[in-house]
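Let's take a walk through a protein together, starting with charged side chains and ending in a pocket. Have a look at the structure first, then read on.

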Amino acid sequence: MFSDEDATLVHAVQKQYVSLNLKLPTGNFTILAAIALTSSDPLTIQPKIIGLATGCKCLPKDKLPLQGEAVHDSHAEVLARRCAIHWLIEEIGRAASDGSHWHSAWISKTADDRYRLKDGVHMIMYISTPPCGDASMRFLATFQDGEMAALKDSAVFPPLAPNVASRGRDNYSLFGVLRTKPGRADSPQTLSLSCSDKIARWNVLGIQGALGSAFFHPIYLTKIIIGEVPADLHDVVKSDCERAFWGRLQEIYGLPEGYKLNRPEVQFTSIVFVHSRSAQEHSSLAQRSCNESLTWVADSTSPHEVLINGLKRGVSPKHRHKTIFWPRLSKVSLFHLYRKTRSTENLPPESTTMTYHQAKESMTQYQVAKKCLLGEGRPFSGWIRSGARWENFDSSSDNGQHSADITN
């Protein structure tokens, strides 16, 4: 049931978004997502929004950077989760900087010197519309006109092999399958899986990711609040979300200690996001998805950035490889933060030549859990991986001689 606390959270997210003053071109829409923390402690000011993002674009396969300096997937849900990772790791540094007076209202240190959310703290995700992929297939179908529905019904696709990802909305009558972005068949091919698939992955491996697992036990979402779903579709979309987010993974087994199949509660909100597709319906101009993405991280010295093509807006191609111009959420920036935090936490030093890919692979327990999900014969064995080719850089990468040109 959608509670007063849920409404307060959604209003807080939208208030934060409006305060950032992102101007969308007329006729453009976007998707908003955020991750927030709530606490059972009545003395804690809440909800605490830790990451917020907009976006609905991702880079084609042939435009992926080799030095980690551009964000691959700029869908709002993916960016919001990366914002949350950034906040969580920085929270360690903020608390440590207080010396013997170590304190965080949200995280605590465990006996093995890693961190977890405090007792009574919950992580909640808000998304302004159902996420792309398996969770939204029937939702999107209800808005198709008769001609398009007939065209899709008549389309013939090659049989989809078991555990193979479908391209976009091909085979749209199939449920529970992996799907790549984007949904449009006439768009360039990408290696990015749908947001439905990624949320399902987070429900096994946790929000913190591979590098974050060096510092945190798995962190899971308690609830996902979704907007733009009419009341008469709540039952259908809730059923689809539950299947997409965890129902199709119920056969998973062998997860290491601390990992589990998480089942977040799915709720809906009627609170309208000002820049949603439905809010733009009155516009006489053709609706287009916005090319830009906004990212915001709480408590950061430079809290928000605007990205386009995975890079900071306004950065020229010749400067994109310089450290000061890296997007905060890029792989190389997060790797740099990871290395800095290892030092803060007095963890054993790693080789200065260790690559991003090698660092992720060294997280043993996380990789065991990942194999339980993505390994041969496992539920998501068809997952498309970008792999070492696009992760073979270290935390000091500051050259782009081998990077693809993503500016044209």
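**Salt bridges and a pocket**

Start with E391 and K331, which form a salt bridge whose closest N and O atoms are 3.1 Å apart. This pair ties together distant parts of the chain: E391 sits in the segment after α10 (364-374) and K331 in helix α8, 60 residues apart. (Helices, H or I and at least four residues, and strands, E and at least two, are DSSP runs numbered from the N terminus.) A salt bridge here means a side-chain nitrogen of Lys or Arg within 4 Å of a carboxyl oxygen of Asp or Glu. Both E391 and K331 are buried; that word stands for under 20% relative accessible area, while exposed is over 50% and partly exposed is in between, using a 1.4 Å probe and protein chains only.

Before going further, a word on the ground rules. This is a predicted model, where local features need pLDDT of at least 70 and side-chain atom pairs count only at pLDDT 80 or more, while totals for chains, interfaces and linings use all residues. Residues are numbered from 1 along each chain as its sequence is written, and side-chain values use heavy atoms, with hydrogens and water left out.

How many salt bridges are there? The count comes to 20. Take R313 and E292, with closest N and O atoms 3.2 Å apart. They, too, link distant parts of the chain, 21 residues apart: R313 is in the loop between β14 (311-312) and α8 (331-344), and E292 is in strand β12 (residues 292-297). E292 is buried because its relative accessible area is 16%, but R313 counts as partly exposed because its value is 47%.

Now try D119 and R116, whose side chains meet in a salt bridge at 3.1 Å, N to O. D119 is exposed, since its relative accessibility is 65%, and R116, at 31%, is partly exposed. Elsewhere, salt bridges join D134, R138, D240 and R243 in a network.

A pocket is found on a 1 Å grid over the protein atoms alone: it is an open set of points with protein on both sides within 12 Å along at least five of seven lines, and lining residues have an atom within 4 Å of a point. About 930 Å³ of space lies in this second largest pocket, a volume being the space filled by probe spheres set on the points, which are joined across faces, edges and corners. Its lining has 21 nonpolar, 12 polar and 12 charged residues. Ala, Val, Leu, Ile, Met, Phe, Trp, Tyr, Cys and Pro count as nonpolar, Asp, Glu, Lys and Arg as charged, and the others, Gly among them, as polar.

Terms used: On a 1 Å grid over the protein atoms alone, a cavity is a set of points where a 1.4 Å probe fits but cannot get out, and a pocket is an open set with protein on both sides within 12 Å along at least five of seven lines; lining residues have an atom within 4 Å of a point.
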